[in-house]
Amino acid sequence: MSVTDNITLNIFKLLGYIWQQRPAERQAVLSEGGNFPTDGYIAQGFCRVSGAEHSFLPEDGDLAAHLDGVAVVVLSQVNYRTGKLRDIAATTKLINDHGAEVIWDLAHSAGALPIDLNGAGARYAVGCTYKYLNGGPGAPAFLYVHKDVQDGGWQPLSGWHGHASPFAFDADYAPAGDISRFRTGTHSALAYTALEASLSLWAEVDMQALRDKSLAMSELFRECLADSLEAHGIKDILNP
Ligand SMILES: Cc1ncc(COP(=O)(O)O)c(C=O)c1O
């Protein structure tokens with residue numbers, strides 16, 4: 001995991017990194033219709049410079065039916081508008097079994113529910129620290145690459161902070177041997193300091209207890225809402 005840049009840049013870096021390693025017959029990037037727009041915007045921007053084809057998975061579309069020729073998929077674990085929660089383990093397996101990779105956007109799940117990327121078999125993920133993680137405005141994002149796939153080549157924004165020896169000032173780029181290769185250039189030290197203060201509190205939080213409380217509060221809200229709707233003769237609209 002590297003805390004670096006913003007989500008948009010991190011998606012671009014991962015797209016470029018995965019793209020260089022794709023099987024030649026896979027020429028497409030699939031992003032999610034109805035996702036937070038920047039994920040689609042940067043996927044389209046990446047396709048313009050790489051020559052990849054871009055398409056959108058329709059909201060509630062059948063993912064398996066859209067994976068032909070796809071090298072990379074960009075998906076959110078939690079949809080920012082609907083709250084729909086995807087199963088990372090099952091979805092990653094489905095996509096990998098079809099020969100593609102997936103970049104998970106955790107912007108609406110990091111700090112809201114327990115996430116086990118390793119356990120779920122995820123290889124690539126991004127997320128922000130300025131929402132539930134309370135890093136404050138301008139807080140850096142994060143980027144996750146599974147240890148087994150950290151040595152796959154260059155990421156396209158090959159800056160000095162991702163160099164194997166940044167202070168050797170070599171003319172030629174050589175990627176760092178670990179997750180540091182996904183860094184670009186200088187960051188805001190002030191933003192990191194604010195985030196560190198927040199994360200020191202988060203270190204004390206039991207994520208499962210937080211999730212249990214969140215579900216209990218949502219259930220209470222649903223019950224209260226159902227009662228007041230029923231008083232107006234409206235029934236059964238809260239059941240998914
Ligand atoms: C799901 C999701 N992806 C991406 C972004 C954009 O992130 P950034 O501004 O760090 O590029 C947001 C911002 O709210 C978001 O909610």
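This is a predicted model: local features need pLDDT of at least 70, side-chain atom pairs count only at pLDDT 80 or more; totals for chains, interfaces and linings use all residues.
Two strands are counted as paired if DSSP finds at least two bridges between them. In strand β6 (residues 124-128), Ala125 is the bridge partner of Trp104. Strands β5 and β6 run parallel and are joined by three bridges.

On its other pairing, β5 meets strand β4 (residues 70-76), again in the parallel sense, over five bridges. Val72 stands opposite Glu101 of β5, and Leu75 has Trp104 as its bridge partner in β5.

Strands of a sheet pair through backbone hydrogen bonds, either parallel or antiparallel. Here the sheet is open, has seven strands and shows mixed pairing, in the order β1-β7-β6-β5-β4-β2-β3. Its edge strands are β1 (2-3) and β3 (53-57), each of which pairs on one side only.

A residue is classed as buried if 20 or more other C-beta atoms lie within 10 Å of its own. Five of the five residues of β5 (residues 101-105) are buried, so the strand is largely enclosed by the rest of the structure. Burial applies to both directions in which its residues point: Glu101, Ile103 and Asp105 point one way, whereas Val102 and Trp104 point the other way.

Helices lie across the sheet as well. Helix α3 (residues 88-97) forms a right-handed β-α-β unit together with β4 and β5. This helix lies across β4 and β5, and runs at about 150 degrees to β5. Helix α2 lies across β2 (28-32), β3, β4 and β5, running at about 170 degrees to β2.

Two packed helices are described by the angle between their axes and the distance between the axes. For helix α1 (residues 7-19) and helix α2 (residues 37-50), the axes come within 9 Å and cross at roughly 40 degrees. The two helices are therefore oblique to each other, and the crossing of α1 and α2 is right-handed. On the α1 side, the contact is made by Ile7, Thr8, Ile11, Phe12, Leu15, Gly16 and Trp19. On the α2 side, Thr38, Asp39, Ile42, Ala43, Phe46 and Ser50 take part.

Methods. Residues are numbered from 1 along each chain as its sequence is written. A residue is buried if 20 or more other C-beta atoms lie within 10 Å of its own, exposed if 12 or fewer, and partly exposed in between; C-beta atoms are placed from the backbone. Helices (H or I, at least four residues) and strands (E, at least two) are DSSP runs, numbered from the N terminus. A crossover is right-handed if, with the strands pointing away from the viewer, the path from the first strand over the helix to the second runs clockwise. Axes are lines fitted to C-alpha atoms, for helices over the stretch in contact, and angles run from 0 to 180 degrees between N-to-C directions. Angles under 35 degrees count as roughly parallel, over 145 as roughly antiparallel, 65 to 115 as roughly perpendicular and the rest as oblique. A crossing is left-handed if the near helix is turned anticlockwise from the far one by less than a right angle, and right-handed if clockwise. Two residues are in contact if their C-beta atoms, placed from the backbone, lie within 7 Å.
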